[in-house]
Amino acid sequence: MKCCAFKMGTVTEIRYNMQHRLTFITFATDVSNIYTSFILIVSDTTLVMDEFYNEISIDDLQVGDLIGSYHSPIMTMSIPPQSQAFIIELK
């Protein structure tokens with residue numbers, strides 16, 4: 001089994017769940033098509049980096065940012081699918 005899958009797209013929504021200390025980042029390759037959307041489940045163990053590979057906070061990401069994500073190949077069968085994020089790169 002592969003360690004990670006890679007996906008790239010534009011951030012369309014950022015939601016915080018303080019109770020479980022999680023962040024949900026929705027991004028899409030085509031923001032006008034829901035079927036290209038994907039939700040990343042971001043935890044304290046997720047590495048978030050800027051375009052120079054410096055570590056940044058999840059709070060530095062904004063709607064409209066272009067990101068690349070290494071995430072678990074295991075995902076929900078919902079629309080949009082959800083998967084645990086390992087690394088997020090701001091492009």
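## Glu 89 and its surroundings

The side chains of Glu 89 and Lys 91 are joined by a polar contact of 2.6 Å. The model discussed here is predicted.

Glu 89 belongs to strand S6, which covers residues 82-90. Its relative accessible area is 8%, and because the cut-off for buried is under 20%, Glu 89 counts as buried. Apart from neighbours within four places in sequence, Glu 89 is in contact with Met 49, Tyr 53, Leu 66, Ile 67, Gly 68 and Tyr 70.

## The nonpolar core

In soluble globular proteins, nonpolar side chains tend to be buried together. In this model, the largest nonpolar core has 15 residues. Those with the most contacts inside the core are Ile 25, Leu 40, Val 42, Ile 58, Leu 61, Ile 67 and Ile 88. Two or more residues of this core come from each of strand S1 (5-17), strand S2 (22-28), strand S3 (37-42) and S6.

Ile 88 touches a number of residues, not counting those up to four places away in sequence; among them are Ile 25, Leu 40, Val 42, Ile 58, Leu 61 and Ile 67. Ile 88 also touches Thr 46, Leu 47, Val 48, Met 49, Gly 68 and Ser 69.

Phe 6, Met 8, Leu 66 and Tyr 70 make a nonpolar surface patch of about 340 Å². S1 and strand S5 (66-71) each give two or more residues to the patch. Leu 66 and Tyr 70 are also among the contacts of Glu 89.

Met 8 is located in strand S1. With a relative accessible area of 35%, Met 8 is partly exposed.

Definitions and conventions. Residues are numbered from 1 along each chain as its sequence is written. This is a predicted model: local features need pLDDT of at least 70, side-chain atom pairs count only at pLDDT 80 or more; totals for chains, interfaces and linings use all residues. Side-chain values use heavy atoms; hydrogens and water are left out. Helices (H or I, at least four residues) and strands (E, at least two) are DSSP runs, numbered from the N terminus. Buried means under 20% relative accessible area, exposed over 50%, partly exposed in between (1.4 Å probe, protein chains only). A polar contact is a pair of N or O atoms within 3.5 Å; within protein, one must be able to donate a hydrogen and the other to accept it, and residues adjacent in sequence count only if both atoms are side-chain atoms. Contact means heavy atoms within 4.5 Å. A nonpolar core is a set of buried Ala, Val, Leu, Ile, Met, Phe, Trp, Tyr and Cys residues joined through side-chain atoms within 4.5 Å. Patches are made of residues with over 30% relative accessible area and no salt bridge: like charges are joined within 9 Å, nonpolar side chains (Val, Leu, Ile, Met, Phe, Trp, Tyr) within 5 Å. Accessible areas come from the Shrake-Rupley method with a 1.4 Å probe; for residues, only the protein chains shown count as cover. A salt bridge is a side-chain nitrogen of Lys or Arg within 4 Å of a carboxyl oxygen of Asp or Glu.
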